[in-house]
Amino acid sequence: MTLADLGWNDELAQAFEPHAKQGRVPARLNRETPINYGAFVFDNDGQLEDIDVVLSGKVWHDAPTDAELPAVGDWVAVELGGENEDHVIRARLPRSSCFSRKVPGKSVEEQVIGTNVDVIAVVTDPGPDHNPRRMERYFALIGRSGAKPVVLVNKSDAFPEDQCNEAVAELQALSPEAEIHLTSALEGSGLEILKRHLSPGSTMCIVGSSGVGKSTLVNQLMGEEWQWTSEVNEVTGKGRHTTTSRELVLLPGGGMLIDNPGMREIQMWTDEQTLRESFADVEAVAAECKFHDCKHGTDKGCAIRAAVEAGELEIERLESFLRLDEEIEDLQRRAKKRQITTERRAKRNHRVKARNLEDRIEYEREQRGEWR
Ligand SMILES: Nc1nc2c(ncn2[C@@H]2O[C@H](COP(=O)(O)OP(=O)(O)OP(=O)(O)O)[C@@H](O)[C@H]2O)c(=O)[nH]1
Ligand SMILES: [Zn+2]
């Protein structure tokens, strides 16, 4: 095992030079919790170690937005502490990619899913999950991230060949540069494709709707020893639920996988956007209503009602449109419910997150209005 097996390269080495002079060590963040991070480092004997690290107050203060804070997948410069001392992140090194979800419009909130990701594998199927509009969303997110998109149209064993090929062709048309594969995780072809994109040092994210076969694939990648389940075996620590915390794991065959509760939010978000977009034509008509807060009921000058009366808009479609906000709320409620409590706690504790004791005391003082 070497730094290169964790993704270290010449660019990072160059960016790290000034830190090396200050006695810091390079580390890759593999875990994020409400109070600290986990990181891979190599000890003096060249052995891989998994250590806890905290963020320096300066790095925290200097980050202009949350998205700039160190996240799972990031390379950082760490000052190792002595016995009973914290190991402190003194700087974050430049990212080669950043996979995130950006709330469009009103907010600048950006949620980072993983950084320095080489490949993002989207898993779908040729049947109920097949949705070109949603896939377009994924392609947009991946395109912005800087990672390579690979799509697995999974469960090919369960659908007619024609349907499989049509789904692949339809998705390929959306993104000529994306790699699209027809796979069957049950027959092992999904694993084969993922492995083709995993080499020592490479990092992958796997996203997609619930039930398309992600866990099946991850379990195949992790080998027998690992199960992607919510059961925690206290004794062996095996079967630790990777989706309750952000985590970067080393795969037995080389390469790494980033797993993260935010993956689910990515799906929710793509679904919401897709839902909204599917009513773009109705929205356009609604923009012609006389009153901007028109309820499209009995209001005067309603362009929507006029369109229905003129036979240009189906009444069923209008009804779905009127339910859109409700449906999106429902979508969000369901996604929220699924969110694990630790994730909530992480958000609430966000402002004091990952700071060392000294910083925390200082911060709390500030909160009380005390001056240093
Ligand atoms: N026929 C067929 N079934 C599959 C295939 N891959 C997975 N499945 C089945 O599909 C079901 C859902 O698979 P999972 O791996 O749990 O799906 P997931 O994407 O992880 O779903 P979440 O955990 O809810 O996010 C399971 O019963 C799998 O056995 C496949 O290639 N073919
Ligand atoms: Zn109206």
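User: Which domains does the assignment give for the protein chain?

Analyst: The chain is divided into domain 1 (3-92), domain 2 (98-260) and domain 3 (268-337); such bounds come from an automatic or database domain assignment. The model is predicted: local features need pLDDT of at least 70, side-chain atom pairs count only at pLDDT 80 or more, and totals for chains, interfaces and linings use all residues. Residues are numbered from 1 along each chain as its sequence is written, while chains are lettered from A and ligands numbered from 1 in the order in which they are written.

User: Why are helix 3 and helix 4 called oblique to each other?

Analyst: Helix 3 (residues 132-145) and helix 4 (residues 161-174) pack at an angle of about 40 degrees, with axes 10 Å apart. Axes are lines fitted to C-alpha atoms, for helices over the stretch in contact, and angles run from 0 to 180 degrees between N-to-C directions. Angles under 35 degrees count as roughly parallel, over 145 as roughly antiparallel, 65 to 115 as roughly perpendicular and the rest as oblique. The pair is therefore oblique.

User: What makes residues of helix 3 and helix 4 part of their contact?

Analyst: Two residues are in contact if their C-beta atoms, placed from the backbone, lie within 7 Å. Pro-132, Met-135, Glu-136 and Phe-139 of helix 3 make the contact with Glu-170, Leu-171 and Leu-174 of helix 4.

User: How many residues surround ligand 1, and which are the closest?

Analyst: Ligand 1 is surrounded by 15 residues, the closest being Ser-210, Gly-213, Lys-214, Ser-215 and Thr-216; a residue is near if its C-beta atom, placed from the backbone, lies within 6 Å. Helix 6 (residues 214-222) gives the largest share, three residues.

Methods:
Helices (H or I, at least four residues) and strands (E, at least two) are DSSP runs, numbered from the N terminus.
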